Every structure is written in structure tokens, then in C-alpha cells.
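Colleague: I would like to learn how to read a few features of a model. Please take them one at a time.

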Amino acid sequence: MGRGTLVDGRLGSKLAAMILHPCPDRELVLDLDWVMISRSAIDSLREAVGERNCVTEPEQLRVYECDGLTSFRLTPAVVVLPSTTAEVVEVVKIARAHGLPLVPRGSGTGLSGGALPVPGCVLVGLARMKRILEIDLDNGWMRVEPGVINLEVSRRLSPDGYYYAPDPSSQSVCSIGGNVAENSGGAHCLKYGFTVNHVLGARVVLADGSVLDLGGPVLDTPGYDLTGALVGSEGTLGIVTEVVLRILRKPEATRTFFATFPSTDEAGHAVSRIIAAGIVPAAIEMMDRLAIVAIKAATGVDWPDVGAALLMDVDGPLAEVEHTAQEAVRIAREAGALLVRLPKDEAERQTMWKGRKSAFAAVGRISPNYMVQDGVIPRSVIAQVLREIEGLAARAGLRIANVFHAGDGNLHPLVLYDARIHGQEELAEKVGGEILRACIRAGGSITGEHGVGADKAPYMGELFSEDDLATMALLRCSFDPEGRMNPGKIFPTPRLCGDRPGKYTPHPLEQSGEAGRG
Amino acid sequence: MTSPFDAPQAHEPRSVAEAARVMEQLAREGKRVAFVGGGTELELGPVPDRIDAVVRTRGLGRVVEYQPADMVMVVEAGLTIGELQAAAREHRQRLALDPPWPDRATIGGIVATGAFGPRRARYGAVRDLIIGVQLVRADGAVAHGGGKVVKNVAGFDLPKLACGSLGTLGLIAGATFRLHPLPEASETVVVPGLSAAEVVAMVSRVRAAQLEPAAAAALRGPSGYDLALCFEGFGKGVEQQTGKLRQLAPSARAAEDAWTRHDEVRTGGPLRVKVAAQPTQLPEVDRLLSPLGLRFAWYPTLGLGFASGAAGEQAAALIADARAELLRRGGSLVVQAAPAGLRVDRWGPPPPSFPVMQRVKQNFDPDRRLNPGRFVGGL
């Protein structure tokens, strides 16, 4: 099997984390591809999940070497595909006994490298745990396993007139477990919130093999909101094996419009004025010229070539949406809309949304490679930051397509490049980093819905102070003191549990009152 | 001593930096600390074990940043929610949160207790509206979590961890919220005289009819429950929804005073109890609470209710029985306030995830100096 030397187990997650970071040393990571685990660990894992569900063949392992962020790749030591909570517990216990790090994975559609393997890890694929366990329409919840596909949830509820609100663009393939890990959003979270607002509880297997039930169908379990802390923790606190989701009655009506503008300035202005008018759109999405070109090439929608387009949904009680849709259209026209198109039926509406949701993939039609960013900025500075991004692109000589959730200022600049041209990938990465810095300067964030993962961990120190990160680590250590769960993600440097993150140690003179601090 | 919060030492920092210095000083001296905002929920939880010092937040009363176009407000912890709403109202906005005692309840206290009102039905709880937090840790370090943008998944969600943590993890010194537009119109309709089962059935019909009340409360009175539903939004939408409701329930009538009755239940005492169950379990909840003879308000879409009034002779035993039944059904019962002399467990048994909660407490407050013993399971 492979090259290199057999490293028996004791690589340890701390070492793995140190090896993985800092991220710029990617070459180093690749060099450590050879780390393997002992025969006895593999035998135990096989026994735990069954021969067929334990992947050790190099070609098969390669399937799991990256998630949706394909520029980072690392082959896991072994992949297990458990089908029950009990099997996950067994796997976690075996990993612990052999000192191996664990990396959970859903559908592998994440865009921040959250499911990127670390050297010598046991990758836990949860795709086989895809049962819908319980549905309670009257009380508005359902219980599912983590491998259930996001769209499958709403599909299952649809005949009864219910749905699950978070709708990431990848919803036809991404899993609920992955959504929980990343606190996924989607176009409609402007009105309805993110995954964290729709998860009532979870069953989670901790790094020590214990099984915990957090929250549940009944609200306000006394104690800390550990469910809130778990959602969005990117697999660093435990492996989720069941999720209780909040489900909603479908709104009575939805009105959609598509509007074009000479540039993103006018489109951004329209967004601001619609929101200032007291309208809370269900979704309001913006696409710039390059994104429109790509979407047209990929999907065949008959959108005109213009500087910018908005796609907006309002939903709710019929009279309310009739009114708000009319108002929004009027405001869009006043703000300089060139054309406003209302879908004539549900099929046309779906086509419009399909255009928007396929934007990332569509960009593949106009560029051999691209890199997605996920920065967030306050809505009031959208135009300013877009111009900054334009400047960055011009200076680098790269094209950037912009597709974004305009209502909440969540940008998705797609930096286009050609990996075959020497140095362009690095250049694109550099431009991506500069975009994130522009978002931080504008008072925003480095990620709105894709997660920090391995990709953006190096920027965490620019967004948060050392004290902020140390405080987050306190939470991490409460769940996983050995740092075994998905090490190397989120945090810019490995953090060890046990050292108290003291602010400072007072000098004895200070304690005795003989000296103070200015 | 009239209150456990009359500690030998009191501090009233005027800035977050000063609060951090105070906390650092208290850490050095090994002092046990409690935090006091508007003092509306001081009875929540058992009396903390020996408190040496109290940090009052009323000196932290500023709106730090408010950009109406972003509908985001950054405030200090000592600001009352009433003051916050007044600042937002100037721009036809609001924080869509309506806990009791708005003129006294401070933002820090609301976050620490997870306080809410009937609008939670539509807009969610504090945890759903908070987007950033500033926490002064036990050692005096100031930590920020979240940020100033509504959509943000960078790092662990410290704001949510702070919600309902009752001052056991640190001093909540400031918070950032997403705001909502003030509705153009608002109208409350009451469906009177329903049994508990009829409340459940009516709520189910309201949902089936795709009505979207902003707030809902079933108020128990002498002739059954009065179900109050508040509709908010643009005039035409509110008109359509109230019209539709009147078709569903011909006995429905306008009654804005329902919310005054509701507020009386929420702020009543000396015994005040919060119950949680599934929305359809109202008949059982009703049966369990009736013997206590308290006034009762139930949020029928949330499955949360509040009861208040005088404690009868059997109160302690009845509460214990009701709690046991609710726990068996996956719910909970918290005694939010109790008259002196009523010996009753405030939180009930800790939840299954308690071992992790203990470790969270241990890591954030290793010397157990922050509100010790006041939270679930003696945290």
C-alpha cells in the first residue's frame, strides 16, 4: 500500500493540526499524504461498520480527498460509512483508542474545505444515514438523519403544504448534516434565517464516544443553548447523527420579479430603497454583467445583456404580497430599472431561480477555473465595495463575476482564472484574500454561509482578536478537549486545551499594590 | 440584607473598558460576582452562593452604532429595550422582541435570561435576532463573537452561547441586533371562550388557512381561553388576514386590551412559572397547571406558557408533579419567581447535555466566581 512509512496511530490530532497549518504551506500538507494508520485500527473499523462500508483502496479513497473546494486535496487514511448512531460511536471510540483524528463529511459540497481530510484521519461519511425518522406537522418539526438531502426534506413535506426554509443553492445534493455543520443559508434566509434558526435539536456523538441529545422538539430546554453553539461549528464539536428540524407551513402566495439595470449601482440603490420602504423580501439576489453572461451560456435563459439584474421574491399572505410586490416593482423602476419581468407562471418562475442557483457552475462555461468567495458587508456599502473589487480585478488583470444575496450583503465574487497559466491560481487566491480584507475593513465578515473551513482559517486572525479566538476555543475544549474532531478547521493556529487563556499574569508588585498599569 | 444582590461591593462601570478593568480586579481578588441590569429577573434561579461584588450595567447605556440603512444596531448592555426601541422608532424600525417590563429590562438582562414576549411566534427569540456579543470574561478579557452583519458564520456562535447563560459565563457588556421595519398596520383579534383542545384546533385552522400572526397568546379566564392573534404588516395584508380569521371563527372580535391582560400574567407574582411542551399538548398542560390556581398565558404556536399568582398551600407539591409530567413528555417547567418560604426546585433536573454544560462553565469560569449556583444544576 502506497509510499512512505507506516505511522502507527499516534500521529495525534494536535500534530495533524500543526501539520495542516498554516495553510499557505500547502506543499507540506501534500508531502504528508503518505501517513497511514495501523492494520489493527483498520480491522477494528471494518468490524464496526462492515467490510463494504470501510474504504481503504487508494483509488476509492481519492473520492474523498476534497470537498467542493477542490484546490485543497489530501487523501484520508481510511473512510468509514456508518449507518447508525451506534456505529458512529464505535468508530469514534476506535479512533480515540488509536489516537486518530476524525473528519466528518456529508455530501462533500462544502466550499470552504470543511470536509478536507487531515493526515492520517478517519473520514466519517454520513451519506448512508439518510432516513427521515419522524414528522410532526401539527407541532412543526421533523427528525432526520444527517445524510438526508436538503431538498428531499421539502419534497417530502410538500404534499402536506409544508417546507423546510433554508435553501442553499446546492440544495438538490447537499445534506442536512452538512447544513448543520456549516450553518448554511441560501437565498431565502433574508426573511427566514439560516440553518441555526431552523434546528431545534440534535443528537451528537462527542470525541469521547458519548452520545448527547441537545435541545429537541420542545423549545427552551433549561441550560446553555448548546444547539445554537453546535450549528455552524463545522464538525469540530462532534458528529451529528440526528437532527430535529423546524418545518413551516408554505406561504399563501409568492410573487417574483426579475429586473435589469444599467449597472450594479442602480440595482444596489433599488435594493436599499425597497428595504427602506419596510419591505422584507423573502429573497433579493443580484447578478452583474459577467454573471449574467455565464448564466445565459449555461442555462439558456433569455436574459438581456445588461450591467446588473435583480431577482426578488416576496411571500406571505396574498394581499400582503400583492401590495409589497407592486411597491417593489415601482421602486425598482424609479431606481432606474431598464426592464421588469414578472413570470407568467410557476414554471417560468422556477426557470428564473434555476438561472440564479446555477450561477456558480455556470461560470465554468466562461472560464476554465474559478474561485468563490463568501464575504459579507453592510448593505449600505455594497456599491463602494463592488467598486473596490472591480479595482482589484483590473489591477490583477483577472475577471470577477459577482452573484450575491443583496438583501443581506453576502457577496459571492467569483474570481476567474486559468490554472494552466503559470501563477494565475496564486494570483486569483491573492485577489480573493484582498476581497475578504475589503469586507473586513467595511465592517463585515469573511464568510456568510460557506464556513471558515480550511480555506479561510488564515483570515480569522484579521477578523477576530486573540481574546476572541481564545474564548471560542474554550467552547471547543468543552466538547472535544483532545482536539480530535476535524482539527485544523476554523482556527488559524492549533489551540491546546488545558492552558487557560489568561489575559495576563499580574506582576507580584502589582498584586501588592506597589505598581499599577497605566 | 434585603436581597442577595446587595453585596458588600458594587461597581457601576461607565464603559466596556472600565468594566473589563473591574472584572480583572475582581478576578485578582478572587471575588464572587453577580451582574445586575434592570433588576427585573433577579428572582430567576436559586439565590447564588455568597456574592462578594455586584457589577451593575446601568452605566453602560449607549447606542454605540446605528446605521438605519443596514437595520443593525450595536448597543451597550445597560440600555433598556424601551430606549433601544425609541432610537429605532425614529427610523420606523424596531427590535422585534417584546419581553415584559420594557422600561426597565436592559439588553444585557434580556440576553442573559433569554427573555421574550408573544412576538417570538413570528420573529424568533433573542438568539434569532442577536448577531453579535461583547463578553467580558471572568478574567477580564473582552471577547467579541459574531459581528455587525446579519449573515455571518465566521467562528463559533458566542452570541447564542450568551443567550440565556444568566451571567454564569461572563459579563454581557454589549450586543448587536438585526432590526425589522415597524409595521404599517397592526390589529389584534380575539377568539373568546375556547377549551384547551379548541385552542389547539383553532391554531391548526389558522395555520391551514396560511394566516401568519405576528403574535399569539391564549389567555385563560373564567370562561375558558381567549385566543389573541395579532396581525402586522401593510394595511391591505392585515385587513385580509383579520377578515379571513373572522370567517374561520365568527365569534372573533377586536380586543387590543388582550395584551394588557397578557402583560399582567407575565409580570404577576409572587409565584411565576414558565412551562414548555409541544403546542398540541396544551390540554395536558392545562390539566397539570389548573390545580395551582394561577393566571395563565400560553403561546400556542410555540408551546411555551407563563403562569403567575399567589402560591397556594399545595404549590410546591403541585409544581413538582406538573414538572415530572412535563419532563416525561419532553417538556420542562421553570419556577421564575417564588415567594419567600416556598421551597421549590427552580430549574428542575438538568438536561441530558449537562456534562458538556458543566465543562463549558468550568472552562469559562474555572474558579466558579460568576453567579455561582444560580443556573441549572448549580452551574
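Colleague: How do H15(A) and H16(A) run relative to each other?

Modeller: Helices (H or I, at least four residues) and strands (E, at least two) are DSSP runs, numbered from the N terminus. Axes are lines fitted to C-alpha atoms, for helices over the stretch in contact, and angles run from 0 to 180 degrees between N-to-C directions. Angles under 35 degrees count as roughly parallel, over 145 as roughly antiparallel, 65 to 115 as roughly perpendicular and the rest as oblique. Here the axes of H15 (residues 382-396) and H16 (residues 424-441), both of chain A, come within 10 Å and cross at roughly 160°. H15(A) and H16(A) are therefore roughly antiparallel.

This is a predicted model in which local features need pLDDT of at least 70 and side-chain atom pairs count only at pLDDT 80 or more, while totals for chains, interfaces and linings use all residues. Residues are numbered from 1 along each chain as its sequence is written, and chains are lettered from A and ligands numbered from 1 in the order in which they are written.

Colleague: Which residues of H15(A) and H16(A) meet?

Modeller: Two residues are in contact if their C-beta atoms, placed from the backbone, lie within 7 Å. On the H15(A) side, the residues include A:Val385, A:Ile389 and A:Leu392; on the H16(A) side, they include A:Leu427, A:Val431 and A:Ile435. For classes, Ala, Val, Leu, Ile, Met, Phe, Trp, Tyr, Cys and Pro count as nonpolar, Asp, Glu, Lys and Arg as charged, and the others, Gly among them, as polar. This contact has 10 nonpolar, no polar and two charged residues.

Colleague: How many residues of chain A are in contact with chain B?

Modeller: 76 residues of chain A are in contact with 77 residues of chain B. H18(A) gives the most to the chain A side, with nine residues. That side divides into 32 nonpolar, 29 polar and 15 charged residues.

Colleague: Is B:Arg272 buried or exposed?

Modeller: A residue is buried if 20 or more other C-beta atoms lie within 10 Å of its own, exposed if 12 or fewer, and partly exposed in between. B:Arg272 has 23 such atoms within 10 Å, so B:Arg272 is buried. This residue is found in strand E15 (residues 271-276) of chain B. B:Arg272 touches B:Phe306, B:Ser308, B:Gln336 and B:Ala337, leaving out residues up to four places away in sequence.

Colleague: What percentage of chain B counts as buried?

Modeller: Of its 379 residues, 58% count as buried. The secondary structure of chain B comes to 12 helices and 18 strands.
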